[in-house]
Amino acid sequence: MSSVVSEEKSRNNLVVSYLTIGGIVILAMMVFGVLMLLAQGGVLEFTPAAFYQFLTIHGTGMVGAAAFAAAGVMWYFLSKYVELSKKIMKINLVLFLVALVMVIIGVFSFEYASAWTFLYPLPAISANAWGVTGALLYLFGMLILGVGFLLLHLDMGRAIIKKYGSLAKGLGWDVISGKKAEKDAPSSTVVASTMVTIVNVTAITAGAIVLIMNIINVINPSFTFDPLLAKNLTFAFGHIFANSIIYMAVIAVYEILSKYTNRPWKANKPFLIAWTMSTAFTLVIYTHHMLMDPVMPKWMLIMGQILSYANGLPVLVITAYGALMIVYKSGIKWDMGSGLIYLSMFGWVVGVVPAIVDATIVVNHVMHNTKWVPGHFHMYMALGACAMIFGFMYYLAKQDSSIKTNKIDKLAFIGYTIGILGISGSFLVSGALSTPRRWATHFPEWMAPANVGAVAGVLAVLSLLVFVIHFVRYLNKRNKVDYKQDDKKLA
Ligand code: HEM
Ligand SMILES: [Cu+2]
């Protein structure tokens, strides 16, 4: 018996490391976000080069760290259904840290600043803003990060296939087609993990190809390749990988709400169909990043536009509806964990609205290079995906130790909500004023929203600091006290 317990403890140790690292990196990256806003608002003075380094580290670090933490959430729950390799989870952790260090050195010591999209041929042609070393550190760093995630997803795919027969069955296609009864459907966690495995293996493969081509081009500039192909591969990678964060983190919504309410989150037919639709859409709609490239085949752009409306919607609707139903008359006790999880549903729903507006070609022509875009994705990344991750952190702490939350945690909950709404709102206002995104300097008439955003940003940073401190306090506690089996305290 005790070996079962220690096995579980060592699995949880890994998950805890993922969330600690993820939480701290997200916190640090937020500080760079505030610095950027203060620079754009004219309060602080940085050279434009420094601004673009901050932009690069912020975008890369946020997407990387949020994906990393979300992978921890997914792994924690998925390993209750299938047998995952601890070794691969450890390898991904080490590769992530190596990648992080390489990217940090590339950006800050060698001034690499292509933004996280590293759009070809920018890594090689920087007008001497950075050199070969910086570009190689960054590109290899990203490649290493990708390899880690690829291994993790392949292991998940392997485990799902072993248990359920195929990835199609992991998505519940045999239930959709009526071959299997609804009651035997795979759990919501397995369905979501299967989806993420499919889309992220595709994304990382595309990313690896374009990273390697960029690396060769940086080393030997006479090797060139088609920029349009490069852009397609880059956004197939970037769009899908960034999107997958919320599909990993949403597992926390399913599992935690079902635990708190003592009701199962059933993967019924509509649920399975929604996830299959989002799997397909997520794979093809990166083409909304190509709406400004008229040389793209028209049908692809039209498809990108139409399906972008539909992209996240099936899963979002089915999840939001499910979240309302499971809580309805359940007598749920609200605490930090369930509160953040509920907040995340709000952030996701609200964040998708401006995204849908932007996915319209007519609007996109006007808005796509404005701060409207960070406006919508900060809402569903910070208030949606990240709130799921932080909710999970509170949940895990409560499950796994005797730690209590206090008033400061509650204040931080409110602070985080207001902070992120403020940041996103100020971005949206900037966008409506036609402020371009990714510009180090702003005209005076663009500055006020940036400064409002910076104040809101400070609030968000302080609030997240409280969340992280709570988690670290829990770490201390759990290391001192004997490990307790979970499942005790929530009911
Ligand atoms: C305190 C919280 C945050 C602040 C103050 C902040 C601030 C900023 C700013 C000023 C920009 C550049 C906007 C421009 O184009 O002019 C930016 C971009 C970005 N942020 Fe944040 N951010 C915060 C949180 C987050 C979070 C939680 C995530 C994701 C998990 C995130 C992901 C990104 C990404 C992907 C970009 C795009 C980078 C690029 O254009 O290359 N941010 N953020
Ligand atoms: Cu996209």
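A residue is near a molecule or strand if one of its heavy atoms lies within 4 Å of it, and on that basis 25 residues surround ligand 1. This is a predicted model, in which local features need pLDDT of at least 70 and side-chain atom pairs count only at pLDDT 80 or more, while totals for chains, interfaces and linings use all residues. Residues are numbered from 1 along each chain as its sequence is written, chains are lettered from A and ligands numbered from 1 in the order in which they are written, and side-chain values use heavy atoms, with hydrogens and water left out.

**Stop 1: ligand 1**

Select ligand 1 together with Q40, H58, H378, R437 and R438, the closest of the surrounding residues. A polar contact here is a pair of N or O atoms within 3.5 Å; within protein, one must be able to donate a hydrogen and the other to accept it, and residues adjacent in sequence count only if both atoms are side-chain atoms. An N or O atom in the side chain of H58 is 2.8 Å from a nitrogen atom of ligand 1, and a polar side-chain atom of H378 likewise lies 2.8 Å from a nitrogen atom of ligand 1. With R438 the backbone takes part, one of its N or O atoms lying 2.6 Å from an oxygen atom of the ligand.

Now colour by helix (helices are DSSP runs of H or I with at least four residues, strands runs of E with at least two, numbered from the N terminus). Two or more shell residues come from each of α1 (2–40), α2 (48–78), α14 (372–400), α15 (407–432) and α16 (444–480), and α1 gives the largest share, six residues. By class the shell has 16 nonpolar, six polar and three charged residues, where Ala, Val, Leu, Ile, Met, Phe, Trp, Tyr, Cys and Pro count as nonpolar, Asp, Glu, Lys and Arg as charged, and the others, Gly among them, as polar.

**Stop 2: the copper ion**

Move to ligand 2, a copper ion coordinated by H239 (ND1), H288 (NE2) and H289 (NE2) at 1.9 to 2.1 Å. Donors are N, O and S atoms within 2.8 Å of the metal (3.2 Å for Na, K and Ca), and water is not among the atoms, so the site may look incomplete. Along the sequence, the donor residues are spaced H-x48-H-H. H288 counts as buried because its relative accessibility is 14%, buried meaning under 20% relative accessible area, exposed over 50% and partly exposed in between (1.4 Å probe, protein chains only).

**Stop 3: the nonpolar core**

Next, select W275, W348, F390 and F392, which have the most contacts inside the largest nonpolar core, a set of 165 residues. Such a core consists of buried Ala, Val, Leu, Ile, Met, Phe, Trp, Tyr and Cys residues joined through side-chain atoms within 4.5 Å. Helix α8 (residues 227–261) gives the most to this core, with 21 residues.

From W275, step to T279 in helix α9 (residues 269–284), where a polar atom of the T279 side chain lies 2.6 Å from the backbone oxygen of W275. T279 counts as buried because its relative accessibility is 5%; leaving aside neighbours within four places in sequence, T279 is in contact (heavy atoms within 4.5 Å) with L171, M195, I198 and V199.

**Stop 4: two loops**

A127 is found in the loop between α3 and α4, and its phi is near 50 degrees, a positive value in a residue other than glycine. K329, in the loop between α11 (313–327) and α12 (336–358), has a positive phi near 55 degrees, and K329 is exposed, with a relative accessible area of 70%.
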